[in-house]
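Me: I would like to learn how to read the features of a structure that is new to me. Could you take me through it slowly, with the general idea before each case?

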Amino acid sequence: MADIAPLGRSLAPSPAGPARVNDSSTAVLGASRPADQADLSDHARLLSKLADLPGVRQDVVDRVKTEIELGTYETPDRIDTAVDALLDSGDLD
C-alpha cells in the first residue's frame, strides 16, 4: 500500500518542479467574501415588532369589558381626561 499517494500529491515528481496552485484558485482562496445580508419584507418586519410587544393583560381587558357592560367605564372624569390628552397631543389635525 506504499504506492498510494496522499490526496493532492502524485507519486511521480513533476518535471517542472513542485506543484503550484494556479492563479485562479489563489484568487478565490485569498479573496474576501461579501458580507451576508438578508432582505426582510414589510410583513416580516411587522411580525418581528408584534413578537416584541408585551402580552395581553387579560385581567385589565376583563375589568374594562365589565365596566363597559355596567355603564361605569365612560365617566365624565375619564372623558375630560381623554379630551385633554387629545388637545395636548395635537392629534386633532
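**Salt bridges, patches and confidence**

Reply: The term salt bridge stands for a side-chain nitrogen of Lys or Arg within 4 Å of a carboxyl oxygen of Asp or Glu. Glutamate 67 belongs to helix 3 and arginine 78 to helix 4 (residues 76–89), so this pair ties together parts that are eleven residues apart in sequence. The model is a predicted one, in which local features need pLDDT of at least 70 and side-chain atom pairs count only at pLDDT 80 or more, while totals for chains, interfaces and linings use all residues. Residues are numbered from 1 along each chain as its sequence is written, and side-chain values use heavy atoms, with hydrogens and water left out.

Me: Which residues do salt bridges with shared partners join into one network?

Reply: The network consists of Arg63, Glu67 and Arg78, joined by salt bridges that share partners. Arginine 63 meets glutamate 67 in a salt bridge of 3.2 Å, N to O, and these two residues are four apart in helix 3 (residues 58–70), which is about one helical turn. By the rule for salt bridges, the count comes to three.

Me: Is glutamate 67 buried or exposed?

Reply: Here the general idea is a scale of relative accessible area, where buried means under 20%, exposed means over 50%, and partly exposed lies in between (1.4 Å probe, protein chains only). Glutamate 67 has 16% relative accessibility, so it counts as buried. Arginine 63, at 43%, is partly exposed, and arginine 78, at 38%, is partly exposed as well.

Me: Where do aspartate 42 and arginine 45 lie?

Reply: Both lie in helix 2 (residues 42–52), three residues apart, about one turn of the helix.

Me: How many helices and strands does the protein have?

Reply: Helices (H or I, at least four residues) and strands (E, at least two) are DSSP runs, numbered from the N terminus. In this protein they come to four helices and zero strands, and the pattern along the sequence is α-α-α-α.

Me: Which residues make the nonpolar surface patch?

Reply: In general, a patch is made of residues with over 30% relative accessible area and no salt bridge, where like charges are joined within 9 Å and nonpolar side chains (Val, Leu, Ile, Met, Phe, Trp, Tyr) within 5 Å. Leu46, Leu47, Leu50 and Leu53 make the nonpolar patch, of about 390 Å², with areas taken by the Shrake-Rupley method with a 1.4 Å probe, where for residues only the protein chains shown count as cover. Leucine 53 lies in the loop between helix 2 and helix 3 and is exposed, with a relative accessible area of 54%.

Me: How should I read the confidence, and what is the mean pLDDT of the protein?

Reply: The value called pLDDT is the predictor's confidence in each residue, from 0 to 100. The mean for the protein is 78, and 65% of its residues reach 70 or more. Among the elements, helix 3 has the highest mean pLDDT (95), and helix 1 (residues 23–30) has the lowest (53). Where pLDDT is low, the predicted coordinates should not be read in detail.
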